[in-house]
Amino acid sequence: METGNEPVRLTAWVSGRVQGVGFRWWTRCRALEFGLVGSAENLPDGRVEVIAEGRRNHCEQLLATLRSGASPGSVDQVVEHWSAARGGLTGFDEK
């Protein structure tokens, strides 16, 4: 039975007006508040890719925050992918 404490990896692709508006910095702050490690990176097509590892319930909180409308800029869509945690990440980087 899942408890929300299992380590997972969330990969989220965020589209909208999310580059050049402080979105990666904001995402980093939220991820660190939830105790997650990973990165937020601008992609050439204008999206931001967010990779976060940690407890599933904390990753779910980050995902909900990304979709909340409270971020800088304007989020149109968040596509998520869940996988097993791979480890090897420290901190939360803006790329």
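Me: What is the bridge partner of Ala12 in S3?
Reply: The partner of Ala12 in S3 is Val50. Before we go on, this is a predicted model, where local features need pLDDT of at least 70, side-chain atom pairs count only at pLDDT 80 or more, and totals for chains, interfaces and linings use all residues. Residues are numbered from 1 along each chain as its sequence is written, and side-chain values use heavy atoms, with hydrogens and water left out.

Me: How many bridges do S1 and S3 have, and in which sense do they pair?
Reply: S1 and S3 pair in the antiparallel sense over eight bridges. Strands here are DSSP runs of E with at least two residues, helices are runs of H or I with at least four, and both are numbered from the N terminus. Two strands pair if DSSP finds at least two bridges between them.

Me: OK, and Thr11, is that buried or exposed?
Reply: Thr11 counts as buried because its relative accessibility is 8%. Buried means under 20% relative accessible area, exposed means over 50%, and partly exposed is in between (1.4 Å probe, protein chains only). Thr11 lies in strand S1, residues 7–17.

Me: Which residues does Thr11 touch?
Reply: Leaving out residues up to four places away in sequence, Thr11 touches Glu49, Val50, Ile51, Val79, Glu80 and His81. A contact means heavy atoms within 4.5 Å.

Me: How many residues of S3 are buried?
Reply: Seven of the eight residues in S3 (48–55) are buried.

Me: Switching topic: what's the strand order in the sheet?
Reply: The order is S4-S1-S3-S2-S5, in an open sheet of five strands with mixed pairing. S4 (74–84) and S5 (92–94) are the edge strands, each pairing on one side only.

Me: How many bridges link S1 and S4?
Reply: Ten bridges, in the antiparallel sense. Trp13, for example, has Val79 in S4 as its bridge partner.

Me: And what about S2 and S3, how many bridges there?
Reply: S2 (37–42) pairs with S3 in the antiparallel sense over six bridges, and Gly38 stands opposite Ala52 in S3. The hairpin of S2 and S3 has five residues between the strands, and Gly46 takes a positive phi near 100 degrees there.

Me: Last one: which strands does H2 lie across?
Reply: Helix H2 (56–66) lies across S1, S3 and S4, at about 150 degrees to S3. Axes are lines fitted to C-alpha atoms, for helices over the stretch in contact, and angles run from 0 to 180 degrees between N-to-C directions.
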